[in-house]
Structure formats: structure tokens, C-alpha cells
Amino acid sequence: MSTANGTRTPAALVLEDGRIFRGSAYGARGRSLGEAVFCTGMTGYQETLTDPSYHRQIVVQTAPQIGNTGWNDEDDESSRIWVSGYVVRDPARTPSNWRSKRTLDEELERQGVVGISEVDTRTLTRHLREQGAMRSGVFSGEALGSDEEMLAQVKASPQMKGADLAGEVSTKQSYVVEAQGERKFRVAALDLGIKSNTPRMMAARGIEVHVLSSASTVDELLAVEADGVFLSNGPGDPATTAHATELTKAVLQREIPLFGICFGNQILGRALGLGTYKMRYGHRGINIPVIDVATKRVAITAQNHGFALEGEPGQRFETPFGAAQISHYCPNDDTVEGVRAFDVPAFSVQYHPEAAAGPHDAAPLFDEFVSLMEKKS
């Protein structure tokens with residue numbers, strides 16, 4: 001982007017494999033380090049930027065024009081922007097939307113998010129698909145150095161594999177989202193990086209949601225006297241979530257109805273004995289198909305994950321809590337997209353039924369969670 005006097009501030013995106021993309025500074029000036037990933041959503045950039053699941057990631061938008069609707073004060077999915085850096089091709093010069101309060105560029109600068117524009121994001125996305133998501137850095141202003149200096153900083157940054165990040169984005173104090181209308185159920189939601197729309201979706205169904213820190217103990221969870229337990233989305237490597245996995249096992253032992261999404265799907269899977277692995281470049285967007293093994297129905301879903309559960313579509317397996325099944329999968333690559341237990345009331349999906357922004361095909365999963373609690377009550 002150009003400054004007020006029309007001069008262009010150079011910036012560079014440096015990838016771990018030595019590939020460098022040049023552009024102009026966008027948002028704050030300085031240095032940002034993180035894992036370079038791409039998001040295929042053509043809308044919803046505000047929700048993407050404020051999704052805690054993107055913590056420590058540099059997000060590349062595949063849609064060429066970003067910022068057209070500016071930034072408003074209603075669509076944030078959390079209290080702040082979580083992405084480490086932002087990469088766009090053609091940022092809007094003037095936003096046009098009745099709810100817009102300021103430009104995207106201004107908000108990025110206000111929150112100290114270092115970005116880069118005027119990048120050939122098509123070539124960059126193809127490179128990440130072929131080589132995989134990798135460590136990277138955005139450099140501008142005084143942080144812009146020689147190619148060798150910038151690459152050395154990128155290579156010295158931490159890997160996403162093995163990263164324990166849920167505790168960094170989780171709430172420090174528990175809070176309650178009241179049910180809309182008559183309260184029908186109470187749910188304890190473990191905050192591993194929860195999005196604001198998730199408690200709203202449950203509240204609309206008469207659920208009082210108690211959002212708890214990821215560090216909560218079994219006793220603290222049980223003290224809520226919840227009718228159900230929810231495992232949220234979140235960032236990082238699920239292999240690092242020993243505490244959340246043990247907590248989930250305790251819930252399964254007590255046969256409390258449980259529902260998980262995204263990171264929560266991986267935690268339930270690990271509690272049931274499945275392994276996880278890092279994907280080549282992950283699923284990030286709002287147009288990803290998922291097939292329900294039981295009904296054969298296809299849902300178009302919103303997703304954001306770079307790790308996945310091991311398993312085959314429709315696979316049945318035994319767990320310490322009885323029989324279970326890989327209940328959903330992505331037809332693009334057969335990635336596991338859901339798990340269901342048969343002998344205890346628990347299920348999860350890898351995608352986002354709260355879908356902000358995104359399709360609403362999966363919203364009935366919240367009704368399924370309600371049905372699970374109704375059967376148990």
C-alpha cells in the first residue's frame with residue numbers, strides 16, 4: 001500500500017524454503033513470523049482474522065480482492081486479531097458497506113498485525129499446495145533486511161508441529177452466555193480457542209453456556225453440573241493436548257453428552273484411541289465438501305485445520321468406551337471429518353457448524369447435540 005504522500009513501502013514474504021515474494025507493506029510495519037497457510041474463502045475475512053484457530057499463522061487470502069467491506073464492530077469472532085501476518089493481492093482502497101467503521105488496513109495497523117499486499121497470491125498458493133505449509137515471515141520498514149538475514153530469522157522460528165497453543169488463546173476467567181428465552185440445558189464449553197458464534201448458536205437453542213478455561217480440572221467442569229460438554233476449535237498440534245484429552249476421557253467415563261468441533265474433534269478422537277498427523281497444507285475455507293457415512297448426504301462446510309485424525313471413511317473401531325466409527329470424511333482427499341461413539345453419548349466433526357462466515361449446511365449438528373442431552377435427561 002502507498003502512504004499518504006503516495007510513496008510505496010516495500011515488504012517481503014520469506015518462506016522457509018528460500019522462496020521470497022515482494023510486495024508493499026499492508027497494516028503495521030515490522031516483522032511477523034508464523035506458518036504460511038492459505039484460505040480459500042471469498043468472504044468473511046474479518047471472521048478469519050479474529051478466529052483463534054489461526055494463532056501463529058500467516059494467512060494468505062486466495063481471493064484477489066480483500067477489504068471491500070471494511071471493518072465493523074459486530075463480526076469479530078474473538079476479542080482481537082489472532083493471525084501472525086496477512087498476505088493479500090489487491091486490497092480495497094475505499095471500503096463500501098453500511099456497517100464499516102474503518103478500513104481493514106487501519107485495523108491491521110491498530111492491532112499491530114504486519115501484512116503485505118500486491119503479492120501474486122495465485123503463484124504463492126500453488127507453491128504452498130506443492131511444497132506444503134511452512135514457516136515464513138513478513139518483513140517491512142526497519143525489519144526489512146537482506147535475504148539471508150530474513151531467511152535465518154524464519155528458520156529460527158518454531159515449527160507448528162509440536163506447538164501447544166490452546167492455552168495461549170483460551171479464556172483466563174470462566175464466563176456464562178445466557179440462554180435465549182427459557183433455559184432448557186446447561187453446557188460446559190472447554191475453551192481451546194472458541195469462536196463467539198458458537199455459544200450464540202447454542203444459546204439460540206435454549207442452552208446456558210459456561211465457557212471454561214482449557215486448564216480447567218475435572219472437578220471444576222463437574223461443578224457446573226452441566227447437561228452436556230462441548231470441546232471447541234483451537235490452534236496448535238492436538239498431540240500436545242494431554243490435559244484436554246484426559247478431561248475428555250473423564251467425561252466419557254461419566255457418559256455426559258459430548259460434542260466437539262475442529263480441534264475438539266481431534267481431542268475426542270485421541271481420547272477414543274486414534275492418532276493425529278500434520279496435513280500437507282490443510283483445509284481452510286468455506287466451500288469444502290463433507291460426506292456423512294450414515295446418510296451419504298453431502299454438506300458444504302467451513303473449515304480451518306492443519307492437523308487431522310488418522311482413519312478411513314466409515315471405519316469402525318473399538319475404544320475403552322465401546323464401539324465408535326469414523327462418521328464423516330472429505331471426498332477431496334478422504335480426510336477424517338467426524339467421529340461418533342455408539343456406546344457413550346459423544347460425537348464430533350472437524351468442520352465448523354457455527355460457520356461464521358460460511359455455509360449453514362451443518363447448523364443442525366447443534367440440534368443433534370440437544371437431542372443427545374434430551375435422551376440423557
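Author: Start with Glu368, which is partly exposed at 28% relative accessibility (buried is under 20% relative accessible area, exposed over 50%, partly exposed in between, with a 1.4 Å probe and protein chains only). This is a predicted model: local features need pLDDT of at least 70, side-chain atom pairs need 80 or more, and totals for chains, interfaces and linings use all residues. Numbering runs from 1 along each chain as its sequence is written, and side-chain values use heavy atoms, without hydrogens or water.

The partner of Glu368 is Arg340. Their closest N and O atoms are 2.7 Å apart, and the two form a salt bridge (a side-chain nitrogen of Lys or Arg within 4 Å of a carboxyl oxygen of Asp or Glu). Arg340 sits in strand β19 (residues 336-341) and Glu368 in helix α10 (residues 364-376), so this pair ties together parts 28 residues apart in sequence. Helices (H or I, at least four residues) and strands (E, at least two) are DSSP runs, numbered from the N terminus. Arg340 is partly exposed as well, with a relative accessible area of 23%. Elsewhere, salt bridges with shared partners join Asp73, Arg102, Glu107 and Arg110 into one network.

How many salt bridges does the structure hold? There are 17. One of them joins Asp147 to Arg22, at 2.8 Å from N to O. Neither end is hidden. Asp147 is partly exposed at 33%. Arg22 is partly exposed at 46%.

Next come Asp120 and Arg89. Their side chains meet in a salt bridge at 3.8 Å, N to O. Both lie in loops: Asp120 between β8 (114-117) and α3, Arg89 between β6 (85-87) and β7 (90-91), so the bridge ties together parts 31 residues apart in sequence. Asp120 has a relative accessible area of 34% and is partly exposed. Arg89, at 41%, is partly exposed too.

Now to the domains. The chain divides into domain 1 (10-156) and domain 2 (166-375), with bounds from an automatic or database domain assignment. Which residues form a salt bridge at 2.6 Å, N to O? They are Lys278 and Glu35. Between domain 1 and domain 2 the count is one salt bridge. On the side of domain 1 that touches domain 2, β3 (31-39) and α3 (121-131) each supply at least two residues.

What else marks this interface? The domain centres, taken over C-alpha atoms, are 28 Å apart. In all, 27 residues of domain 1 are in contact with 21 of domain 2 (heavy atoms within 4.5 Å). The two domains bury about 1900 Å² between them, 46% of it on carbon and sulfur atoms. Pro52, Ser53 and Glu77 lose the most area on the domain 1 side, together 28% of what that side buries. Buried area here is the accessible area (1.4 Å probe) that two parts lose on being put together, summed over both.
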